[in-house]
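Subject: Structure handover

Hello,

Here is the structure for you to open. My notes on it follow below.

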Amino acid sequence: MKNLIVACLIVVGGLISSYAQSITGKWKTIDDSTGKEKSVVEIYEKNGKYYGKIIELINPSKPNPTCDNCSGDEKGKPIEGMVIIKNMKKDGSSYSGGTITDPQSGKQYKCLIKTNGTDKLDVRGYIGISLVGRTQTWLKAK
């Protein structure tokens, strides 16, 4: 009887973990001040790390905007197509260890991503410790 219960628990646990939400896919970002959709970011996995690239800007203020405030190789590059999330690693139920770039300010922050239900991500950019930062909720793009 104990073996049957253990076997059932293993099967149920495997089913639950197989349905756990992944951060990969396309996500709509929401503007903090207006509450309107701002862009679509595609998060993908490469060599065990996760990256996010802006694949579409929704109603940009000017055509083909560039990251004028960015530094290094990204300075002056088009925002559409820019990889803004870099080197994230799965850490239990969250993803951490990487960075996120704000293309408006050009600033780079440490990043923490957690799933929030089946169609939302909580994306936190912070300096130093995660208590000092800001969280945005991104919505699964259809």
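Start with the strand pairing. K53 stands opposite V83 in strand 4. Strands here are DSSP runs of E, at least two residues, numbered from the N terminus. Strand 3 and strand 4 (residues 83–91) run antiparallel, joined by three bridges. Two strands count as paired if DSSP finds at least two bridges between them.

A word on the model. It is predicted, so local features need pLDDT of at least 70 and side-chain atom pairs count only at pLDDT 80 or more, while totals for chains, interfaces and linings use all residues. Residues are numbered from 1 along each chain as its sequence is written, and side-chain values use heavy atoms, with hydrogens and water left out.

Strand 3 (residues 49–57) also pairs with strand 2 (residues 37–46). That pair is antiparallel too, with eight bridges. V40 stands opposite E56 in strand 3. The hairpin of strand 2 and strand 3 has two residues between the strands. N47 in this hairpin takes a positive phi near 55°.

Next, the cysteines. A disulfide here is a pair of cysteine sulfur atoms within 2.5 Å. The count comes to one. The disulfide joins C67 to C70, with S to S at 1.7 Å. The link is right-handed, with 65° about the S-S bond. C67 and C70 are both buried. Buried means under 20% relative accessible area, computed with a 1.4 Å probe on protein chains only. C111 is buried as well, with a relative accessible area of 0%.

T101 lies in strand 5 (residues 94–101). T101 is buried, at 4% relative accessible area. Contact means heavy atoms within 4.5 Å. Leaving aside neighbours within four places in sequence, T101 is in contact with C70, E74, I84, G106, K107 and Q108.

Last, the core. A nonpolar core is a set of buried Ala, Val, Leu, Ile, Met, Phe, Trp, Tyr and Cys residues joined through side-chain atoms within 4.5 Å. The largest one has 21 residues. I43, I85, I113, L121 and W138 touch the most other members. Strand 2, strand 3, strand 4, strand 5, strand 6 (108–115) and strand 7 (120–126) each supply at least two residues of this core. Leaving aside neighbours within four places in sequence, W138 has contacts that include W27, V41, I43, I85, I100, L121 and V123. In soluble globular proteins, nonpolar side chains tend to be buried together.

Best wishes

Technical notes:
Helix = DSSP H or I, 4+ residues; strand = E, 2+ residues; numbered from the N terminus. Buried < 20%, exposed > 50% of the residue type's maximum accessible area, 1.4 Å probe, protein only.
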